Amino acid sequence: MDYQTLDKEIDELEHLLSQWGISKSGVQYKWERVFDKCREIQEGFNAKPHYPTNTQQESAWARFNQLRSQAHNDHRDYKKRASKEICHELLHDLMLADHDLVAIIAEATFLAFDKTDVEDMKRKGELLRTVRHRLRENKDVLIHEHQQEIWSRILQVQSNQDAWWGKWKAGYAQRQEERQAKTKRHEEWKERKGAWEIRVRENLAKNREKLEKAEAALAKSEAHADEIREKIESAWNDSFKERAEGWLQEGEERSKSIEEHIERLKEWIEEDERKLRG
């Protein structure tokens with residue numbers, strides 16, 4: 001590379017850096033172009049180009065070094081700013097995904113977790129998984145301090161979510177007792193009602209119980225599928241990834257089968273309810 005070409009390369013590097021003021025807040029800014037250009041210019045100087053005078057060569061070398069230092073400083077500032085923005089976004093999502101212990105304790109006094117509670121926690125669990133995925137995606141952008149802060153909050157939110165599901169499962173035993181009490185009252189009631197109406201109500205109660213179990217099984221199946229997806233994303237070899245994808249397919253087919261069973265149960269429940277309304 002002759003000295004004239006080398007000077008043009010330095011001019012181009014200066015032009016690329018002049019765009020920093022416009023593009024520094026955009027993630028599309030291609031820092032690779034800047035540092036590739038720095039490497040090309042360095043190689044040009046290594047080839048010992050023949051400048052007309054030593055003064056011109058020293059001036060070109062000093063100019064290049066100043067621009068290269070500016071590039072490193074600007075890139076460091078950009079990364080700090082980008083890291084801060086991503087950290088703020090993920091911490092906000094974690095706040096939405098959190099289920100604090102105060103709420104868990106309050107709910108523990110009311111063991112009637114309804115479907116709305118469960119669906120809300122499913123959405124929060126999905127949001128937490130999204131944050132984990134975005135953390136992995138941006139690990140090269142986030143500075144260490146921000147990574148540690150986000151990871152710490154992820155563990156806290158996961159702990160709170162696990163505590164909620166633990167309370168939900170613990171309440172199952174009491175719900176079972178309540179169902180047994182209802183069954184006893186139902187047996188006493190059967191003596192006073194007609195056989196046909198009794199059969200309809202028995203069938204309705206069984207189907208409702210089956211529906212609750214099926215919905216719980218679906219939630220468990222979906223959670224297991226999510227765990228497999230995370231393993232696939234972090235798989236180190238194709239063999240394990242292929243096996244895991246097979247497990248995922250089996251899990252998705254199982255979830256689909258449970259969903260079809262749930263729809264049938266809902267139809268049967270609706271049919272029995274119409275019978276009782278007469």
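**Entry 1: the fold**

I counted nine helices and zero strands in the chain. Helices here are DSSP runs of H or I with at least four residues, strands are E runs of at least two, and both are numbered from the N terminus. From the N terminus on, I read the element order as α-α-α-α-α-α-α-α-α.

I am working on a predicted model, where local features need pLDDT of at least 70, side-chain atom pairs count only at pLDDT 80 or more, and totals for chains, interfaces and linings use all residues. Residues are numbered from 1 along each chain as its sequence is written, and side-chain values use heavy atoms, with hydrogens and water left out.

**Entry 2: whole-chain totals**

I looked up burial next. Of the 278 residues, 29% count as buried. Buried means under 20% relative accessible area, exposed over 50%, and partly exposed in between (1.4 Å probe, protein chains only).

The accessible surface of the chain is about 18600 Å². Carbon and sulfur atoms hold 50% of that surface. The areas come from the Shrake-Rupley method with a 1.4 Å probe; for residues, only the protein chains shown count as cover.

I then checked contacts (heavy atoms within 4.5 Å). Among those with a separation of 6 or more, 76% join residues 24 or more positions apart.

**Entry 3: α1 against α3**

I took helix α1 (residues 3-18) and helix α3 (residues 31-46). Their axes lie 10 Å apart and the packing angle is about 160°. Axes are lines fitted to C-alpha atoms, for helices over the stretch in contact, and angles run from 0 to 180 degrees between N-to-C directions. The pair is therefore roughly antiparallel, a label for angles over 145 degrees.

From α1, the contact uses L6, E9, I10, E12, L13, L16 and L17. From α3, R33, V34, K37, C38, E40, I41, G44 and F45 take part. I sorted these residues by class: nine nonpolar, one polar and five charged. Ala, Val, Leu, Ile, Met, Phe, Trp, Tyr, Cys and Pro count as nonpolar, Asp, Glu, Lys and Arg as charged, and the others, Gly among them, as polar.

**Entry 4: α8 against α9**

Helix α8 (residues 195-233) and helix α9 (residues 238-277) have axes that come within 8 Å. They cross at roughly 160°, so α8 and α9 are roughly antiparallel to each other. I find 20 nonpolar, seven polar and 17 charged residues in the contact of α8 with α9.

**Entry 5: T183**

I located T183 in helix α7 (residues 144-190).

Methods: Parallel < 35°, antiparallel > 145°, perpendicular 65-115°, else oblique.
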